[in-house]
Amino acid sequence: MINGAHFIICSQDAEATRAFFRDPLGMPSVDAGEGWLIFALPPAELAAHPTAGAVTHELYLMCDDIDSTVAELRQKGVEFGGEISEHDWGRLTAMKVPGAGLVQLYEPKHPSPLHAAAK
């Protein structure tokens with residue numbers, strides 16, 4: 001039935017956004033034509049959170065060790081929108097994506113279906 005997910009990041013500078021995902025993040029991609037890169041994402045999980053406000057959708061890129069990931073990405077020129085924050089459910093910071101605002105970087109503390117599926 002469903003065999004994947006396709007996320008779209010709207011950007012005011014799509015070339016710079018694509019270069020960010022291609023270069024410092026090293027995400028593999030294919031050229032769908034005329035330089036239009038489509039990136040492969042690592043395995044993903046989906047959560048539904050309740051809201052009384054506006055309905056929104058968010059993208060969090062996950063890592064196992066946020067401290068070392070942030071250090072490595074900083075060496076590659078990635079800028080961050082703040083310090084790492086601690087929460088009961090995980091550790092969180094935001095990466096500045098050229099032309100596209102912030103994308104969250106997240107080290108979960110909760111059980112993940114990805115780890116369960118790997119066993």
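Which residue forms a salt bridge with Arg22, and how far apart are the closest N and O atoms? Arg22 forms this salt bridge with Asp23, and the closest N and O atoms are 2.9 Å apart; the term stands for a side-chain nitrogen of Lys or Arg within 4 Å of a carboxyl oxygen of Asp or Glu. Arg22 is partly exposed, with a relative accessible area of 38%, and Asp23 is likewise counted as partly exposed at 45% relative accessibility. On this scale buried means under 20% relative accessible area, exposed means over 50%, and partly exposed is in between, as computed with a 1.4 Å probe on protein chains only.

The structure is a predicted model, in which local features need pLDDT of at least 70 and side-chain atom pairs count only at pLDDT 80 or more, while totals for chains, interfaces and linings use all residues. Residues are numbered from 1 along each chain as its sequence is written, and side-chain values use heavy atoms, with hydrogens and water left out.

## Strands

Helices (H or I, at least four residues) and strands (E, at least two) are DSSP runs numbered from the N terminus, and two strands pair if DSSP finds at least two bridges between them. Strand S6 (residues 101-108) runs parallel to strand S3 (residues 60-62), to which 3 bridges join it, and Leu105 in S6 is the bridge partner of Leu61. Strand S5 (residues 90-97) is joined to S6 by 8 bridges, and these two strands run antiparallel. Within that pairing Val97 stands opposite Gly101 in S6. S5 and S6 form a hairpin with 3 residues between them, and in the turn Gly99 has a positive phi of about 80 degrees.

Leu102 also lies in strand S6 and is partly exposed, with a relative accessible area of 49%. Leaving aside neighbours within four places in sequence, Leu102 is in contact (heavy atoms within 4.5 Å) with Gly81, Ala94, Met95 and Lys96. The C-alpha atoms of Leu102 and Leu59 are separated by 9.5 Å, and these two residues are 43 residues apart along the chain.

A positive phi is also found at Glu34, where the angle is about 60 degrees although the residue is not a glycine. Glu34 is found in the loop between strand S1 (29-31) and S2, and at 86% relative accessibility it counts as exposed.

## Salt bridges

Arg91 is buried, with a relative accessible area of 15%, whereas Asp67 counts as partly exposed at 40% relative accessibility. Asp67, Glu86, Arg91, Glu107 and Lys109 are linked in a network of salt bridges.

## Pockets

A pocket is defined on a 1 Å grid over the protein atoms alone, as an open set of points where a 1.4 Å probe fits, with protein on both sides within 12 Å along at least five of seven lines; lining residues have an atom within 4 Å of a point. Grid points are joined across faces, edges and corners, and a volume is the space filled by probe spheres set on the points. In the residue classes, Ala, Val, Leu, Ile, Met, Phe, Trp, Tyr, Cys and Pro count as nonpolar, Asp, Glu, Lys and Arg as charged, and the others, Gly among them, as polar.

| Pocket | Volume | Lining by class |
|---|---|---|
| Largest pocket | about 1,200 Å³ | 21 nonpolar, 6 polar and 3 charged residues |
| Second largest pocket | about 520 Å³ | 14 nonpolar, 3 polar and 1 charged residues |

The lining of the largest pocket receives at least two residues from each of S3, S6 and helix H3 (113-118). For the second largest pocket, helix H1 (14-22) and strand S2 (37-39) each supply at least two lining residues, and H1 gives the most, with 4 residues.
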